[in-house]
Amino acid sequence: APAINNEAMDSTVECDGGGDVDEFSAWLFVNGGATAEDNCGSVTWTNDFEVDTLTGYPVGGVLDCGLFTGSLDVTFTATDDCGNASTTVATFTIEDTTAPEFTSVPADYTAECSDEHPLEDATAADVCSGVEVTVVADTTVGECPQSYTVVRTFTATDECGNSSMAIQTITIQDTTAPMLTIPADYTAECDEELVFEDASASDNCGSASITLEEVTVDTDCEQQFSIERTFTATDECGNSVSATQTITVVDTTAPVISGDTEVMIACEDYDATVAHASATDNCGEVTLTWTDSEVSGGCVLPIGQYVRVYTAMDECGNSSTFEQILTLTDNVAPVFDSVPADYTIECDQDITYDEATASDNCSGATVTVEQEEIAGDCPQSYQIVRTFTATDNCDNSTTATQTITVQDTTAPAINNEAMDSTVECDGELNFD
């Protein structure tokens, strides 16, 4: 038989999804690398390789994994021209040690916690067999419940146990501040009740807490001020938003003046510093001032009719006016301060005519006098009645009288005593 110079050598090739068949054919073509020579003639090589027409696999081959991997023992026979033969056996092995390759891996991304978080699949392919892709997700908690990281590890494994991995990192964050709804600004009068409404908040991912800070801003007027209410909504990740409600308190209401539109005052009761009206304000103190203007004169100033204009002003500068007619009257007669006393004198004495004086509650008083003589029992005996009239400028008057009595109670004085006279009876009598 031919002598085998070089035994057929085993051959192992990597599965490449079809190109390995060409390598197998080339190996068969060179008889597995075996050589032989014959002592007398030439050598013809044959082998026992055949394909099962039903399965498509080589007869006698052992399928390892996938569709293309496995091993096959091939017997190469060297035959000389006389039919003498020698054999050598070698094994051709197709193996798969190459891991699948990922054809697509979801990209890393960062998203808000309120966004959609797509969990796309990865895909992989292998040149020799099918591939199964599995995924394991590992979540790492962040600083707040809505902040975390998901690491998705994809493993692609072919039917021969070769595997490769790819990682997708998904970062979930909460950078969105809560939605804050606050009460609307409003303006109120200082005597109105203030309404302090609450704010509300919602968050895109979790809950939100609300804090409130109130600051009062004063003005020059005590009754006018503003309250700035700053609401702050903070979510569990520390995102916050603030908004301010302003409540403005104003005093635009003028004071109210109360009083009679017409007032009658006795002149002795008149005092320009005394008000005959009053004022009140809805919120604070009121200053009431007034001016008087004469509209019709009376008998004498200040008697007459006046228009008094009141002005009421509150602490915030709001003011109102009110007109009032003041009528000053004088119905009181003057009063005598002194009236000469009655007296009686002898007819030969001088008569003294003293004056009376009078005063009035509202104006000056003029005193006039009238005299009446009343005759007595003799010419030297009579009375003088003096009537004093005190009249003020408003024609109110009063009277008083003084009586002076003139009398003659003194007998005549004998300057020369009568002398006795003796005459003759025939003489003429003289009756001086």
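Here is a friendly walk through the cysteines of this structure and the links between them. The model is predicted, so local features need pLDDT of at least 70 and side-chain atom pairs count only at pLDDT 80 or more, while totals for chains, interfaces and linings use all residues. Residues are numbered from 1 along each chain as its sequence is written, and side-chain values use heavy atoms, with hydrogens and water left out.

A search of the whole structure turns up six disulfides (a disulfide being a pair of cysteine sulfur atoms within 2.5 Å). One of them joins cysteine 113 to cysteine 205, with 1.6 Å from S to S. This pair links distant parts of the chain, 92 residues apart: cysteine 113 sits in the loop between β9 (109–112) and β10 (123–125), and cysteine 205 in the loop between β16 (200–202) and β17 (208–218). Strands here are DSSP runs of E, at least two residues, numbered from the N terminus. Cysteine 113 is buried at 15% relative accessibility, whereas cysteine 205 is partly exposed at 26%; buried means under 20% relative accessible area, exposed over 50%, and partly exposed in between (1.4 Å probe, protein chains only).

Next, look at cysteine 144 and cysteine 237, whose disulfide spans 1.8 Å from S to S. Cysteine 144 lies in the loop between β11 (131–141) and β12 (148–158) and cysteine 237 in the loop between β18 (225–235) and β19 (240–250), so parts 93 residues apart in sequence are tied together.

Cysteine 221 and cysteine 316 also form a disulfide, and with -40° about the S-S bond their link is left-handed.

Finally, cysteine 40 is in no disulfide and is exposed, with a relative accessible area of 71%.

Note on methods: Helices (H or I, at least four residues) and strands (E, at least two) are DSSP runs, numbered from the N terminus.
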